[in-house]
Amino acid sequence: MAEMSHIERVMAALTNAPADRLPTYPIACGVNRKLVNGGITYRDWAHDPKLYAQAFIEGQKYFDFDFAIGLMDLSVMAGDLGAHVRMDEQNTPFVDKHMVNSPEDYEKFQVPDIKKGRSAVILEGTKLFCDDLKTKVITAGFLEGPLLALTQTAGAERTFMDMFTNPSAVHKALEVMTAYDAEMVKGFGKTGCAGLCWDYLWGNYSCLGDSEYGEFEGSSKYAIKLNELTVKEGMALAIHNCADLPHLDTQIKKFGPVIYSMAYYPLIPDSPSATEAIEKGYADNCLVAGQIDPQLFIRGSVEKITQVTKDLCQEVKTALCKKGLNARYCIASGCEVPPDVHTKMENIKAVVDTTKQFGKL
C-alpha cells in the first residue's frame with residue numbers, strides 16, 4: 001500500500017479501513033519544550049500560550065507523530081480552583097497543599113474564570129497549535145475528568161474516605177467540577193481541535209468498584225454528561241486512563257470513545273495487555289493506544305526501546321489479524337513521556353521510526 005498522510009492513516013484506523021501501517025504517538029507533551037528556543041523551562045512553557053503551542057508544533061516537526069494532543073499536567077484545574085501548586089523550573093507541577101480539611105470545605109468550591117490562570121493558557125495555546133497543525137495531523141485537547149480534578153484539589157485519600165462517610169458533600173463538589181469541565185469543553189470547542197481527550201483515571205479496580213465509580217463519575221450527572229457535551233461541541237471523544245486495572249467495559253463500551261489510551265503493568269495480575277485488549281473485543285469498539293513503559297524514555301537505551309517497540313508492533317499485528325481488524329491500535333506510551341530534562345529525545349524518535357518500519361500492514 002502507498003504511504004498515507006498522517007490524517008489519512010488515523011482516519012483509516014478510526015474506521016477500521018485498510019491502512020499502510022499502525023499509527024503511533026508516544027505521548028510527548030511537556031518534554032517538547034526542550035525543542036523550543038534551545039530549551040525552555042517547564043514554568044515558562046506552562047504559563048505562556050505561545051510557548052505552549054510552539055512546543056507541540058516543534059515536536060511534530062521533529063518526531064513526525066500521527067497525533068498532536070495538548071496535555072499540560074494534572075494540577076491545572078486544582079490550581080485554578082485555589083489549591084497551592086508547587087511550580088519548579090523544570091519538574092512537573094504538583095499540588096502540595098490541598099483545599100479540603102473538613103466536609104464543609106467541599107461546598108466552598110466555585111467554578112473559576114476560564115479566561116484566567118492556566119486554564120486560559122491551555123485553551124489559547126491549544127487554538128494556536130491546532131491552527132498550525134490541523135491540516136497535518138489529528139489534533140486534540142486534554143482535560144481532567146471531574147473526579148480526578150477533585151482528588152487533585154482535595155486529596156485522593158480524603159476524597160475516597162469521604163465518599164463513604166460524607167457522600168453528599170463529595171457530590172456537591174463534583175457538581176462544581178463538572179460545571180468547570182463543561183465550561184472548558186465549550187472553550188475547547190472554539191479552538192478547532194478535532195478531539196478532546198479525557199483523563200478518567202479513577203475508573204480503576206485497584207481503587208473503586210463498578211458501583212462506586214458509577215456513582216461518583218461514570219453516571220449521567222458527570223462523565224456521560226461531559227462526553228455528550230464533547231460531541232455536541234464538535235469534537236471526537238477520546239479517553240486516557242493509565243490505571244493498572246481500568247474499567248474497560250464502562251470506559252470503552254459504555255462511554256463510547258473513538259480512541260482509548262491505556263497502560264500495561266506486567267507485574268500486576270489481570271492488568272490487560274495489548275493482546276488481551278484486542279482479543280476481548282475492545283479494539284472492535286475504538287482505536288486502542290498504548291502501552292510502552294514511560295520510564296524507558298529516561299532509563300532505556302535506543303536499542304532497548306527499539307526492540308520493545310518492534311515486539312509491540314508484532315504482538316499487536318498478530319492479535320489484530322486474528323480478530324480480522326486492520327490498524328485499530330496506536331503504538332504509544334502507556335502514559336505521558338516524562339517531561340524530565342533527562343528524557344532521551346532519541347528514544348521518542350526511535351518509537352516513531354520503529355513503528356514506521358515494523359508497523360507496516
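Tutor: Before you ask anything: exposed means over 50% relative accessible area, buried means under 20%, and partly exposed is in between. Also, this is a predicted model.

Student: Okay, let's start with α7. Which residues are exposed on the face turned away from its buried side?

Tutor: Those are E157, M161, F164 and T165.

Student: And which residues of α7 are buried?

Tutor: The helix runs over residues 156–165, and T159, F160, D162 and M163 are buried in it. They sit on the same side of α7, because they cover an arc of only 165 degrees around the axis.

Student: What covers the buried residues?

Tutor: The cover includes three helices: α6 (146–154), α8 (167–188) and α9 (210–216).

Student: How does the lining of the largest pocket split by class?

Tutor: There are 33 nonpolar, seven polar and four charged residues.

Student: What about the second largest pocket, how much space lies in that?

Tutor: About 370 Å³. Its lining has 17 residues, and Y264, P266, Q291, I292 and D293 lie nearest its centre. The most comes from α15, with four residues. By class, the lining of the second largest pocket has 11 nonpolar, three polar and three charged residues.

Student: You mentioned Q291. Is the peptide bond from G290 to Q291 cis or trans?

Tutor: That bond is cis, with omega near -5 degrees. Q291 itself is in strand β8. Most peptide bonds are trans.

Student: Next topic, backbone angles. What is phi of D64 near?

Tutor: Phi of D64 is near 65 degrees, which is positive, and D64 is not a glycine. Most residues other than glycine have a negative phi. D64 is in the loop between α3 (49–63) and β1.

Student: And where is D270?

Tutor: In the loop between β7 and α12 (274–279). D270 also has a positive phi, near 75 degrees.

Student: How accessible are D64 and D270?

Tutor: D64 is partly exposed, at 27% relative accessible area. D270 is exposed, at 70%.

Note on methods
Residues are numbered from 1 along each chain as its sequence is written. This is a predicted model: local features need pLDDT of at least 70, side-chain atom pairs count only at pLDDT 80 or more; totals for chains, interfaces and linings use all residues. Side-chain values use heavy atoms; hydrogens and water are left out. Buried means under 20% relative accessible area, exposed over 50%, partly exposed in between (1.4 Å probe, protein chains only). Helices (H or I, at least four residues) and strands (E, at least two) are DSSP runs, numbered from the N terminus. The arc is that of the directions from the helix axis to the C-beta atoms. Contact means heavy atoms within 4.5 Å. Ala, Val, Leu, Ile, Met, Phe, Trp, Tyr, Cys and Pro count as nonpolar, Asp, Glu, Lys and Arg as charged, and the others, Gly among them, as polar. On a 1 Å grid over the protein atoms alone, a cavity is a set of points where a 1.4 Å probe fits but cannot get out, and a pocket is an open set with protein on both sides within 12 Å along at least five of seven lines; lining residues have an atom within 4 Å of a point. Grid points are joined across faces, edges and corners, and a volume is the space filled by probe spheres set on the points.
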